[in-house]
Structure formats: structure tokens, C-alpha cells
Amino acid sequence: MKKTKPLLIVDGSVLAAPAAKRMGRRGKRTRLQNRMFRRYVQLSIASLCLVLAMVLILVGQTGLTVFKTLSPADFFFSLDWTPEEDRFGAGSLILGTLMLTGLTLLFAVPLSVGVAVFLSEICPPWLKRIYRTMLDILVGIPSVVYGYIGLTVLLPIIRQASGENLGDGLLAASLVLTLMVLPTICRVSDDALTAVPSSYREAAYALGSTRLQMIAKVLVPCASRGILSAVILGMARAIGETMAIVMVIGNTAQMPRDLVTPTAVLTSNIVMQISNVEFDSTWSHALYMMAFLLLILSLALIILLRAVRAKGGNEA
Amino acid sequence: MSLAERNVSRSLRHNRAVRFWNQTATFGFWLLGVLLLSLILWLLFTIMNKGLFSIDFSFLTKLPEDMDEGGGIGPVLFNSFYILILSLALSVPLGIGAGIYLAEYAPKGKLTEFIRVCVEGLASVPSIVFGLLGIAIFVEAFGIGLTILGASVTLAFLNLPVLTRVTEEAVRAVPEEYRSAAYALGSTKFQCIRRVVLPAAMSGIITGICLTAGRAFGESAVIILTAGLSTSGRMWDFNLFSPGETLAVHLWYIQSEALVADARQIADKSAAVLVVVVLLINLVFRIPLWLRTRRMK
């Protein structure tokens, strides 16, 4: 969007005719306030940039130190995370994060897109209002509470169903995560579906299609970009979630054999171990490297998201 | 049967199949919607039901016990609010300022665009990354250990990009004509922003602050790493350098490591308190907004 700036503004202050000059004290104060405010917003953006730089530099630098004592191949591809015996292979944790995210999306995407279609096309307006409020409430519930519910309600069910005596693992974690990313994916796809012009719908109906045909052949393809951004947002949330997962995944750094074996992901591993290690040790550096990896991953997802959005903008 | 008749019967059959699938799908969507809604309601009911009705005032104010039954959550609840308020006091002014800068002052160009990408990226970076940043700064560089101060500042770092984004979006959504009108009346940029742009963007900004505050209240990964798992053991401890376990952390701690006898009840009640406070934060801040929209109507 191009902003049209009024002609009279030079250097942020208005030279609106000689009248301004004659205003005297009040005018001076106004201009002073104007300059002070400008300083203030510049100060805020500077401090924001400082925080950005600190995150990137402090976490990145500390993390990358790990490669002084460890080869990147060992760190990324070895599946053996036994820090007590100086074996720092993050491969299993990275795979754990990827598998958990994949499994979560497998559950969450069909569910939430289905509900989004229901919300935007089928359900009556009064129910829609209630539904949206409920989804907003769901977003607001703290992640420890999700973890707690998973621990006290979901795990006993899984234990009974699978016969394992713990029940912690990818299945429990992905079910809890599904509930957590569902409102995000739902709301964003719902917005995308609602934004499809109603003339498209009318055209489809005029050709004699049923509602299902309209949804499958017109609505969802038209909103596909919006749905894709919703999925990316959900993915970003799933990758970074920590406390809810810590409580239900079992926190054992091993490759999971099945969905109910205790395992660990990047976030859970960091939070369980960082408090117990020396800051200047390979162990701690390896944990920082994992955090840096998470940082890069989510930045990459956001760049992808912007690309998806920008392309959509050009077409429209 | 003639060819025409056969065609008619085939298309009739096709029509029937199409209608059947349409009806099945409608039913399916309704089923899905109703099931999910009841799941959400059941979830809220479970959280509230187990804890809410057994909460009394002394539970909210008493000190936690190490081993015996009947401990409260006084200091951790206090720490939650204390850290929340400190972090908001730091991050709200800076976040709003930075958002206004990005929307109103920033020159167009590669650098601005880069900052924007970074802000959007950091707004979705896992909170644990900020936790590690907090450790690196406060525990290692400054050597003050696990403190309320460290947790508040780190939490403010976490909130800053989110607040900046929300503000920028809300300010950008204000129509350009408003600004032109303000300038035409001879206002300076500051007057225009303060009297015209900010009031118009206020509801978006406040909603954003509410959501951020709710998120910060329930945040636990950052707090565990920067404020620790213990309190100073006193009520109303305003000391910035004492350890500051919050309610969200307490819920995790009591469930996984504590030895106290009635851990389950305390956890149930703490979960209910957490959810109720987050809902209240989202509600209370918005009441002025409702009143304002009413008045404007």
C-alpha cells in the first residue's frame, strides 16, 4: 500500500503556512513534543533491534561454539544423545521434533480445515459466534494446563488402550499438540474461506453444483493459499511448544520404536537439561545449538509464510 | 429401452449419488463441528470442575507446604502477577513505540523490510529460545542467578516482537484519509498520531495487549529457566533479586517433582486458577473497549 503524504510536511513537522510561526510558545511546545515523540519511537525501534540482535548473536554464538569440539556430522546425524559420556548426537531429537510435528499436522489439518468449512459455510451465525469465542478461549489456555490435562486425562486412556505401563510418547504428545494448534489453523483457514467472494459461490451454484461440489471444487481451491499459511502457522507453534510436551512425552532421548515409547524432542530436551549443566561445557553449547536450530527453523517458516502470502497478493 | 431413456436413467442415478454425497457430507461436517465443540466444552468443564469449587481464599494466600497437606499458592500467585506487571511495564511502551515507528516513520527500503521479517519471525520463535537468552544474559553475564528481575526482562523480550507486530498492524489498518484530514487541519505528526491514529487503532492494540498478557501469565518455559523452581518463602516479597516461581511453573513442579501429599488437589486447583485468571485478563481489559463502542454507536 502506497501512502500519500501531504505536501506540507518537511522533516516530520508541518510548515502549514506562516501562521505556525506566529503561534509562539504553544507552537514551540507542539514542535518540541513532535520531536520528542520521534525520538521516543526511534528509541523503541532501536531497543527492539537490540533484542533481535541479542537473540541471534548470543544464542547463535553460544550454539556454534559446539562445533569447536564436535563435528557437525556428529551433531546432526548421530542418533546417540548420551551427554554423560560425551556423546552429543542430536539426530534423534531433530527427528523426534519432525515426527511429532508431522503427526500433529496429520491429525490437526483435516480436523481443523473441516471445522473451518463447517464454520464458514454450514453452521448458523449464532453457533458461529459461540464457536469462535470457544476457539479463542482454547488459544488462551496456558500450555502447562494442556500438559496437565494430557497427563491426568489422556495418558490413563492411552495406557489402557495400548497396554503399556507408561503411555508417554509421540501419540500423547501429538494429541495434546493437535488440540493446541487446532484453533490457530481453524481461525486462519476460516478467515481465508470467508474471504472467497460470494460471486464464486453463486457461479458454482448457478451451474447446478451441490454444496459439497462447490466446497470441494471452488471454495477450498480458492482459499488454498490461506489454508497453507494457516498450516505453516500451526507448524511453527507445534515445533516450538515446550511445557505441554515435556509433561507427556517421557523425556528419554531415544529413537521411538512406536507411538507409545517415551522419547524426546528438541524443546523438551533443552528445558529438562539446561538447568543442570555448566554454562561453559559442550553439553550446554549443544543445547544452545538446538535452540539456535529451532530459531532458524521458525524464521525459515515465517519467510516461507511471507512468500506464500506475497504470491497470493500478486494473483489477486 | 431406447438410448435416450438409458441416458435419462443414468443421469438420474448420477444425480441421486451426487445428492446422497452432498447430504452425507453436510451431516459429516455437522458431526465434526458438534463433536469438536463438545470436546472443547468438556475440556473447560474438566479443568473447572476438578478445581474451581474447592478453592477458598486461604488457598490463594497461604504459603506452599513441602510435605504436608493443606498448602496454598500465595507466593507463586503473587510472583505471577508481579512478573507479568513488570514485564508489561517494560514491553508495552517499547512495543507500541516500535510498532508506531514501523507503521508511520520507517523509511521504505530493504532494512525496514528486514526488521519486519525479523520481528514477525521472533514473534513466533519458541519461547524456550528466549529462556536460553535469559540464562546467557542474567545467569551467566550478570551472574545474578535465577531472579524475578531476570524473568521479567526476559518475558518482556518475548512479548516485545508480538506487541510490535500487533501495534503495527492496528496502526496500518487506520485509513489514510484520517491522517490527511488531521494534517489538513495543521496538526504535527505527533498530534496526528496521538489524537487521530492511536484512538482509531486503540481497540486493536488493546486486544493485542490482552492476548500477550494472557500468554505471558501462562508462560512457563521462560520462567523455569530464568526465575527457577523456588520462591523466597515469604508473601509480598517485592525484592527483584529473589527467586520467582510463578503459578504456571508451580503447576508443572507440583505435578512432576514435588513431594507434597495432596499434589493432585493443588495441581487441579492451580490449573483452574490459571485458566480463570487468563480468561479474566482477556475480559477485564476489554470492558473499556465495549463501553467505548457502545458510546460511539
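# A tour of chains A and B

Start with both chains shown: 74 residues of chain A are in contact with 70 residues of chain B, a contact being two C-beta atoms, placed from the backbone, that lie within 7 Å. Now select helix H2 (residues 25–64) of chain A, which with 21 residues gives the most to the side of chain A that touches chain B. Helices here are DSSP runs (H or I, at least four residues) numbered from the N terminus. Coloured by class, that side of chain A has 50 nonpolar, 19 polar and 5 charged residues. The classes count Ala, Val, Leu, Ile, Met, Phe, Trp, Tyr, Cys and Pro as nonpolar, Asp, Glu, Lys and Arg as charged, and the others, Gly among them, as polar.

This is a predicted model, in which local features need pLDDT of at least 70 and side-chain atom pairs count only at pLDDT 80 or more, while totals for chains, interfaces and linings use all residues. Residues are numbered from 1 along each chain as its sequence is written, and chains are lettered from A in the order in which they are written. The predictor gives the complex an ipTM of 0.86 and a pTM of 0.85. Chain B averages a pLDDT (the predictor's confidence in each residue, from 0 to 100) of 85, and 97% of its residues score at least 70.

**The core**

Select A:Val176, A:Ala291 and B:Val129, which touch the most other members of the largest nonpolar core, a set of 174 residues. Such a core consists of buried Ala, Val, Leu, Ile, Met, Phe, Trp, Tyr and Cys residues joined through C-beta atoms within 7 Å. A residue is buried if 20 or more other C-beta atoms lie within 10 Å of its own. Helix H8 (residues 170–194) of chain A gives the most to this core, with 16 residues. Around A:Val176, show its contacts, including A:Tyr146, A:Gly150 and A:Leu154.

**Helix H7 of chain A**

Move to helix H7 (residues 143–162) of chain A, which bends by about 40° at A:Leu154, with a proline, A:Pro156, following within four residues. The bend is the angle between axes fitted to the seven residues ending at a residue and the seven starting there. Among the buried residues of H7(A) are A:Val145, A:Tyr146, A:Leu154 and A:Ile158. Their cover includes H8 of chain A and H11 of chain B. After H7(A) comes A:Gly163, whose phi is positive, near 80°.

**B:Leu274**

Finish at B:Leu274, in helix H11 (residues 263–284) of chain B. B:Leu274 is buried because 27 other C-beta atoms lie within 10 Å. B:Leu274 touches A:Pro142 and A:Val145, and in chain B its contacts include B:Gly218 and B:Leu247. For a distance check, pick B:Ala200, 74 residues away along the chain: the C-alpha atoms of B:Leu274 and B:Ala200 are separated by 32 Å.

Note on methods
Helix = DSSP H or I, 4+ residues; strand = E, 2+ residues; numbered from the N terminus. Buried ≥ 20, exposed ≤ 12 C-beta atoms within 10 Å, placed from the backbone. Lists of a residue's contacts leave out its neighbours within four places in sequence.
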